[in-house]
Amino acid sequence: MITLWARDRLTGRHLKRKTREYLEKLEHGPVLASQSAATELLRQMADEPGPKVSVGKTSWGEPVIVPLIDLVKACGLTTGGMGAGKTMFAMLPIAEMIRLLPGLTNMSFGVLDAKGELFERALYLLGARLAQLRGREREALARRIVVIDFSSRDAVSPYNILAGWPYTDQDFFVTSRLETLRELLPAGEKLSLRGAAVLKNILTLLAEFNLPLTYLEAVLGDDAFRQKLLLRSKNAAVRAYFQRYFLQEGKQTIGALRARMEALFASAGVHLALSGSTAPDFKSLQNEGKIVLVNCALRHPAVDLRPAEQPAGNLPLVRGRGPEFLFDETAAGGYGDRPDHGTLLRLLLLFSLPKSLHRHS
Ligand SMILES: Nc1ncnc2c1ncn2[C@@H]1O[C@H](COP(=O)(O)OP(=O)(O)OP(=O)(O)O)[C@@H](O)[C@H]1O
Ligand SMILES: [Mg+2]
């Protein structure tokens, strides 16, 4: 009797233990299997040749060391609440690339920053790297850096959105600019068809003479100026439009166009930038492997330029070929109280990014 009882008791315990283990395996098995596959992959990545970036640890403590080239080639998005560490994370591949400059020739990067912090940090690291270099190396790096700082009043960055694209049909170019300007207008203030026709003819005329959009008012309101341009214009269709139809346009149409364009470029920063006669050719800059830093923050934020802590995070938004454009805080909607940021950023995104990047933005 005692033996049987002991046997049942023992077997029961054994069974219970085995059942518990089996259920635990069922519950955690897939997680453990995926962790082990991820660990294996991470170790393989860490063993790959070439420069690496340490981006943090997995939730189970495995270091995440990623080949720099994978981060630069990847298309990703980093999200997180305010102060979550997005900018610090984006700095990791940038800092590694800067550390390897000017020897790093198979990749480059660009920064388009609405808040200024990523721009400032990248600029600071580039400055520190330049200070470490001498002679030819220093010159080579300095030649690669292109800074477009819309917050600077000392060095205004010209941005003539009517400066034509090379090898592009003029009519296609003007139509595309017209469409972009129309897209920029708020939903309730779209241009009428007549207004769009007036604007298209003005854009064509200005583009022909390489004049910036800020001359729109002169074409609309200054008869002598308009006539001067028309006399020299080689575009028969535009000449015909202004001679035959322009003066018949309704006051309301002209007034609405004027008001909308004025509102779009009301801020002094945007106006200054758009008044230039030239524009950076982002496609060429990209092809030449330049490091392009664009600051759209029209006020300097208080920036802490101490060396960055090692942040952890998700994938940065780095994409395309050649110098990759890394967007930080491009959600212009987040700057509703600072229209400068929104307008300029949207202008940059819509007008200037190479088409290959445009598709993704
Ligand atoms: N991995 C990290 N470890 C420790 N501190 C960090 C880490 N990442 C960021 N921080 C700290 O958090 C602060 C905010 O980080 P960061 O500016 O990158 O956040 P953000 O998500 O870009 O914020 P915002 O939404 O305001 O732009 C940093 O100044 C830094 O002090
Ligand atoms: Mg940030």
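This is a predicted model: local features need pLDDT of at least 70, side-chain atom pairs count only at pLDDT 80 or more; totals for chains, interfaces and linings use all residues.
## Overall make-up

The protein contains 15 helices and six strands. Of its 361 residues, 30% are buried. Consider contacts between residues at least 6 apart in sequence. Within that set, 74% join residues at least 24 apart.

## Helix 4

Helix 4 covers residues 117–132. How far apart should its ends be? At 1.5 Å a residue, its 16 residues should span 22 Å. The end C-alpha atoms of helix 4 are 23 Å apart, which agrees with that expectation.

Several residues of helix 4 are buried. They are Glu 117, Leu 118, Phe 119, Glu 120, Arg 121, Ala 122, Leu 125, Leu 126 and Arg 129. An α-helix has 3.6 residues a turn, so residues three or four places apart point the same way.

## Helix 3 against helix 4

Two packed helices are described by the angle between their axes and the distance between the axes. Helix 3 spans residues 86–100. Its axis and that of helix 4 come within 10 Å and cross at roughly 25°. An angle under 35 degrees counts as roughly parallel, and helix 3 and helix 4 are therefore roughly parallel to each other. Their crossing is right-handed.

Which residues make the contact? Helix 3 supplies Thr 87, Ala 90, Met 91, Ile 94, Ala 95 and Ile 98. Helix 4 supplies Glu 117, Leu 118, Arg 121, Ala 122, Leu 125, Leu 126 and Arg 129. By class, the contact of helix 3 with helix 4 holds nine nonpolar, one polar and three charged residues.

Pro 102 sits in the loop between helix 3 and strand 3, the latter being residues 108–113. The peptide bond joining Leu 101 and Pro 102 is cis. Its omega is about 0°.

## Helix 7 against helix 11

Helix 7 runs over residues 193–208, and helix 11 over residues 251–264. The two pack at an angle of about 65°, with their axes 9 Å apart. That angle makes helix 7 roughly perpendicular to helix 11. The range for this label is 65 to 115 degrees. Helix 7 passes helix 11 in a right-handed crossing.

On the helix 7 side, the contact involves Arg 194, Gly 195, Val 198 and Leu 199. They meet Thr 253, Ile 254, Ala 256 and Leu 257 of helix 11. The residues of this contact divide into five nonpolar, two polar and one charged.

## Ile 202 in helix 7

Ile 202 also belongs to helix 7. Is Ile 202 buried or exposed? The cut-off for a buried residue is 20 or more other C-beta atoms within 10 Å. Ile 202 has 28, so Ile 202 is buried.

Which residues does Ile 202 touch, leaving out those up to four places away in sequence? The contacts are with Leu 216 and Val 219. Leu 216 is 14 residues from Ile 202 along the chain. Their C-alpha atoms are separated by 6.9 Å.

## Asn 210 in the next loop

Asn 210 lies in the loop between helix 7 and helix 8, where helix 8 is residues 216–221. Its phi is near 55°, a positive value in a residue other than glycine. Asn 210 has 12 C-beta neighbours inside 10 Å. A count of 12 or fewer means exposed, so Asn 210 counts as exposed.

Key: Residues are numbered from 1 along each chain as its sequence is written. Chains are lettered from A and ligands numbered from 1 in the order in which they are written. Helices (H or I, at least four residues) and strands (E, at least two) are DSSP runs, numbered from the N terminus. The expected span of a helix is 1.5 Å times one less than its number of residues. Axes are lines fitted to C-alpha atoms, for helices over the stretch in contact, and angles run from 0 to 180 degrees between N-to-C directions. Angles under 35 degrees count as roughly parallel, over 145 as roughly antiparallel, 65 to 115 as roughly perpendicular and the rest as oblique. A crossing is left-handed if the near helix is turned anticlockwise from the far one by less than a right angle, and right-handed if clockwise. Two residues are in contact if their C-beta atoms, placed from the backbone, lie within 7 Å. Ala, Val, Leu, Ile, Met, Phe, Trp, Tyr, Cys and Pro count as nonpolar, Asp, Glu, Lys and Arg as charged, and the others, Gly among them, as polar.
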